[in-house]
Amino acid sequence: MKKQKGADSIRKQLLRWLLIPIASLCLVSAIISYIIAINITTEAYDAALLEGARELANRLQVNHGQIVLDLPPSALAIFKEDKVDKYYYVVFDDLGRLIGGDSEILPTVDRLHGQRINGDSRFFNREVNKTNVRIVCMRTAVPGQNNRNATIYLAETVLKRQGLINEILGAVVLPQLCLISLATLAVWFGVARGLAPLEGVRQAIARRTQWDLRPVTEVVRAPIEIQPLVSAIDDLLRRLNEDIESQHRFVANAAHQLRTPLAGLKTQIELAQRADNKAELSNFLKQVNHSVDNVTRLVNQLLSLAKLEPASAWFVPQSEFDLNQVIKEATSDLVPSAVNKNIDLGFEGCNEPAIIKGDVSSIRELVTNLIDNAIRYTQPGGKVTVKLAVNNNAEDLSRNQHVIDLLVEDDGPGIPAAEREKVFERFYRVLGNNVPGSGLGLAIVKEIVQAHDAKIWIDCGEAGKGTVASVRFPASSAK
Ligand SMILES: Nc1ncnc2c1ncn2[C@@H]1O[C@H](COP(=O)(O)OP(=O)(O)OP(=O)(O)O)[C@@H](O)[C@H]1O
Ligand SMILES: [Mg+2]
């Protein structure tokens with residue numbers, strides 16, 4: 001199966017629409033959780049660190065006027081034997097002299113000396129030995145000596161804090177990652193499952209031969225969501241079917257129409273071959289000539305129809321031209337036939353230019369067919385008038401466009417109202433007249449009319465007599 005270039009996948013679209021919002025939500029919630037986790041951890045561990053500093057403060061004494069730190073190993077072990085974090089401390093007396101502690105922390109503490117401390121204590125985030133530490137600085141009175149003060153710095157590495165933050169974050173983020181993974185899996189497999197019925201429809205269509213144009217709904221039950229698609233396919237198949245049937249009918253009719261005159265032609269030629277004298281031969285040849293004319297006309301009509309098929313590339317509206325000129329010429333060409341039948345053929349053009357866009361030769365064929373019909377079906381001594389008018393007030397003026405009306409009127413027998421639509425069908429002829437013809441003239445006219453975006457209809461003449469064929473063309477430019 002060939003993939004269409006640029007086609008998007010439903011699966012990808014769903015994933016995009018689902019995952020982007022979920023992932024954004026997870027990210028925001030992870031950030032918020034991280035901030036909350038830092039706050040909770042800092043509060044809890046800072047309290048413990050301050051407690052540690054107070055423990056140290058309790059060990060301060062004044063000995064011979066000097067402040068000293070009485071820290072037995074058992075008390076020191078409380079800090080130093082922590083399995084995860086390392087502790088450092090230093091203590092200074094009120095004169096800023098070092099009383100005791102760890103030398104590693106001294107460079108860091110030196111830089112903190114100038115910092116202001118509001119209240120008893122203050123916390124800092126610094127580094128000792130290139131490791132992050134949290135330091136509490138506490139100013140305290142020596143127990144029992146209200147006039148002697150000391151400053152204690154106690155630092156702890158932040159491994160336990162970091163561990164707790166990670167745990168809190170993990171507890172929030174991990175379930176969200178599971179949710180995203182599950183949603184991805186659900187979409188991935190859900191789409192495949194949801195679209196499985198489409199595969200049934202595809203197979204039902206792929207299995208068909210080109211002659212099987214039954215509606216798809218007859219053979220497969222489509223899910224509700226894709227029923228509009230299947231209905232559209234069915235509709236297309238129905239129209240295709242109608243089109244193919246009409247093509248078949250047309251070919252069968254055309255074959256029939258051609259076979260009959262060709263068989264007659266062959267008979268005439270055989271008779272001519274057996275002619276006894278020159279006069280008889282000449283008579284037969286005249287008939288042959290007449291038959292060849294008829295067959296030629298029929299073949300030309302069939303070619304015209306083929307050329308005018310909407311799917312054919314032959315007919316392309318080409319130029320803008322004045323209908324006055326084309327119709328005048330077509331009418332003049334038919335004057336001899338009218339004169340032969342003693343018919344008064346007249347043309348009433350319009351004073352202004354009647355410009356349309358289209359194919360000149362097709363329009364000439366249209367007018368010729370209409371006038372030819374009027375002359376053929378009107379009794380000798382009748383009257384045929386061709387009129388052209390630019391209509392600026394037509395009621396159905398759509399797209400703000402003027403229209404041009406072409407009327408071909410005769411005072412012949414007319415076409416019964418019930419037949420006025422049918423005469424446009426291919427090979428349709430009204431029974432009851434002896435005029436020869438194949439019933440293609442108006443079908444060709446109709447195709448030309450449609451190719452020019454025009455309309456055609458047939459009425460009876462004034463006083464209910466005769467025929468009026470009206471064609472309404474859109475004028476080429478709005479005036
Ligand atoms: N002006 C008219 N007056 C009376 N009947 C007409 C007129 N124009 C057409 N018809 C009727 O409509 C039918 C169809 O006309 P159409 O031009 O399609 O075919 P045709 O004239 O019979 O054959 P051809 O293909 O040679 O033109 C004609 O057979 C005729 O009965
Ligand atoms: Mg005709």
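**Exercise 1.** Which residues in α8 meet which residues in α9?

*Solution.* Start with the basis. The model is predicted: local features need pLDDT of at least 70, side-chain atom pairs count only at pLDDT 80 or more, and totals for chains, interfaces and linings use all residues. Residues are numbered from 1 along each chain as its sequence is written, and side-chain values use heavy atoms, without hydrogens and water.

Next, apply the contact cut-off, heavy atoms within 4.5 Å. On the α8 side stand Leu323, Val326, Ile327, Glu329, Ala330, Thr331, Asp333, Leu334, Ser337 and Ala338. From α9 come Val360, Ile363, Arg364, Val367, Thr368, Ile371, Asp372 and Ile375. Sorted by class, this contact holds eleven nonpolar, three polar and four charged residues. Here Ala, Val, Leu, Ile, Met, Phe, Trp, Tyr, Cys and Pro count as nonpolar, Asp, Glu, Lys and Arg as charged, and the others, Gly among them, as polar.

**Exercise 2.** Describe how the two helices cross.

*Solution.* Take the axes, lines fitted to C-alpha atoms over the stretch in contact. Those of α8 (residues 323-340) and α9 (residues 360-377) come within 9 Å and cross at roughly 40 degrees. α8 and α9 are therefore oblique to each other. Angles under 35 degrees count as roughly parallel, over 145 as roughly antiparallel, 65 to 115 as roughly perpendicular, and the rest as oblique. Finally, the crossing is right-handed.

**Exercise 3.** Characterise the whole protein.

*Solution.* Count the elements: ten helices and 14 strands. Then take the extent: the C-alpha atoms fill a box of roughly 165 × 55 × 40 Å along the principal axes. Last, check burial (under 20% relative accessible area, 1.4 Å probe, protein chains only). Buried residues make up 35% of the 479 residues.

Technical notes
Chains lettered and ligands numbered in written order. Axes fitted to C-alpha atoms, helices over the stretch in contact; angles between N-to-C directions. Helix = DSSP H or I, 4+ residues; strand = E, 2+ residues; numbered from the N terminus. Left-handed = near helix turned anticlockwise from the far one by under 90°. Buried < 20%, exposed > 50% of the residue type's maximum accessible area, 1.4 Å probe, protein only.
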